[in-house]
Amino acid sequence: MFNKNTVAAGVAAFASVALAAGCAVADGNKADDVDITAMSAEELAEHLIFETNSWRDQEMQEGGTWRDRMTQDEIQKACSFDSTRNDLDGETAGRVVALAREQYEAPEGDIELGDWRRGAELADSGFGYRIGHNNDDHGTREQGGNCYNCHVMDSSVSVQGTIGPNLENYGAQRGDSQEIRQYVHQVISNPHQYFPCTQMPRFQGLLTEEQISHIMAYLLDPESPVNNR
């Protein structure tokens, strides 16, 4: 999700088509002052998103506005290297790790595990913070972690992704010490601390500490189906 040159890269393809067709797509308030035909696809996409009022200035449930959401932070900027380059240089990796460690907030005291059954529900739920004309409403339904989208965790679950590593028997293979719990909490909260420029989201601030404790239990509790395969 971070290997993009700009936050608007997701709509760059649309912008390319618009330019090629010579369409006067940017029909916003500032259209009269802007020559969109002189823009690159990325510039046009950024213009459409940020300057034409195409998006309403919606407030997000997690705080801030959609503009805040669409503006890259320092980690995202650092990880937005040339998409034609697959390697990550050491200097950038070190900077991303340092930024991630600055952002991370460790829980006070020993880390306790939650309920692995709730963790299974959260791993399955993809209800997130989608924005658009109908934002997700977390007043009636909690957000999920959507872990199954990228990880195999329980082979009895019919549909799971393989973008991330297989996590079956995660706790059975590693144990459940405080050191392991600290590591898992760090990775779920901000995985860039160990995997700079990873595609895995940072969940600290998106999930509550209680929700993170449930997902950790799903991974580490000996009774969890994750550890009984």
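The following legends describe close-up views of a predicted model of one protein chain.

**Notes for all views.** Residues are numbered from 1 along each chain as its sequence is written, and side-chain values use heavy atoms, with hydrogens and water left out. In this predicted model, local features need pLDDT of at least 70 and side-chain atom pairs count only at pLDDT 80 or more, whereas totals for chains, interfaces and linings use all residues.

**Figure 1. Overview of the protein chain.** The secondary structure comprises nine helices and zero strands; helices (H or I, at least four residues) and strands (E, at least two) are DSSP runs, numbered from the N terminus. Along the sequence, the pattern reads α-α-α-α-α-α-α-α-α. Of the 229 residues in the chain, 43% are buried, a term that denotes under 20% relative accessible area, with exposed meaning over 50% and partly exposed in between (1.4 Å probe, protein chains only). A contact requires heavy atoms within 4.5 Å. Among contacts between residues at least 6 apart in sequence, 58% join residues at least 24 apart.

**Figure 2. The crossing of helices α6 and α9.** Two packed helices are described by the angle between their axes and the distance between the axes. The axes of α6 (residues 116-124) and α9 come within 7 Å and cross at roughly 100 degrees; axes are lines fitted to C-alpha atoms, for helices over the stretch in contact, and angles run from 0 to 180 degrees between N-to-C directions. The two helices, α6 and α9, are therefore roughly perpendicular (65 to 115 degrees; under 35 counts as roughly parallel, over 145 as roughly antiparallel, and the rest as oblique). On the α6 side, W116, R118, G119, A120, L122 and A123 take part, and they meet Q211, H214, I215, A217 and Y218 of α9. The residues of this contact divide into seven nonpolar, three polar and one charged. Here Ala, Val, Leu, Ile, Met, Phe, Trp, Tyr, Cys and Pro count as nonpolar, Asp, Glu, Lys and Arg as charged, and the others, Gly among them, as polar.

**Figure 3. The largest nonpolar core.** A nonpolar core is a set of buried Ala, Val, Leu, Ile, Met, Phe, Trp, Tyr and Cys residues joined through side-chain atoms within 4.5 Å. The largest one holds 23 residues, of which M153, V184, I188, M216, Y218, L219 and L220 touch the most other members. Two or more residues are given to this core by each of α6, α8 (178-189) and α9. Helix α9 supplies the largest share, seven residues. Beyond its neighbours within four places in sequence, L219 is in contact with M153, L167, Y170, G171, V184, I188, V226 and N227.

Figure 4. N227 is found in the segment after α9 (209-220) and is buried, with a relative accessible area of 10%. Its side chain reaches the backbone nitrogen of G171 at 2.8 Å; such a polar contact is a pair of N or O atoms within 3.5 Å, and within protein one must be able to donate a hydrogen and the other to accept it, while residues adjacent in sequence count only if both atoms are side-chain atoms. Apart from neighbours within four places in sequence, N227 is in contact with residues including N169, Y170, A172, Y218 and P222. N169 lies in the loop between α6 and α7 and is also buried, at 17% relative accessible area. Not counting residues up to four places away in sequence, N169 touches V226, N227, N228 and R229.

**Figure 5. Q204 in the loop between α8 and α9.** Which backbone atom lies 2.7 Å from a polar atom of the side chain of Q204? The backbone oxygen of E105 is at that distance. Q204 belongs to the loop between α8 and α9 and is partly exposed, with a relative accessible area of 22%. Setting aside neighbours within four places in sequence, the contacts of Q204 are Q103, Y104, E105, H185, I188, S189 and E209. Q204 and I188 are 16 residues apart along the chain, and their C-alpha atoms are separated by 7.4 Å.

**Figure 6. Two residues with positive phi.** N146, although not a glycine, has a positive phi of about 55 degrees. N146 is located in the loop between α6 and α7 (170-174) and counts as partly exposed at 32% relative accessibility. C197, likewise not a glycine, has a positive phi of about 65 degrees. C197 is found in the loop between α8 and α9 and is buried, with a relative accessible area of 10%.
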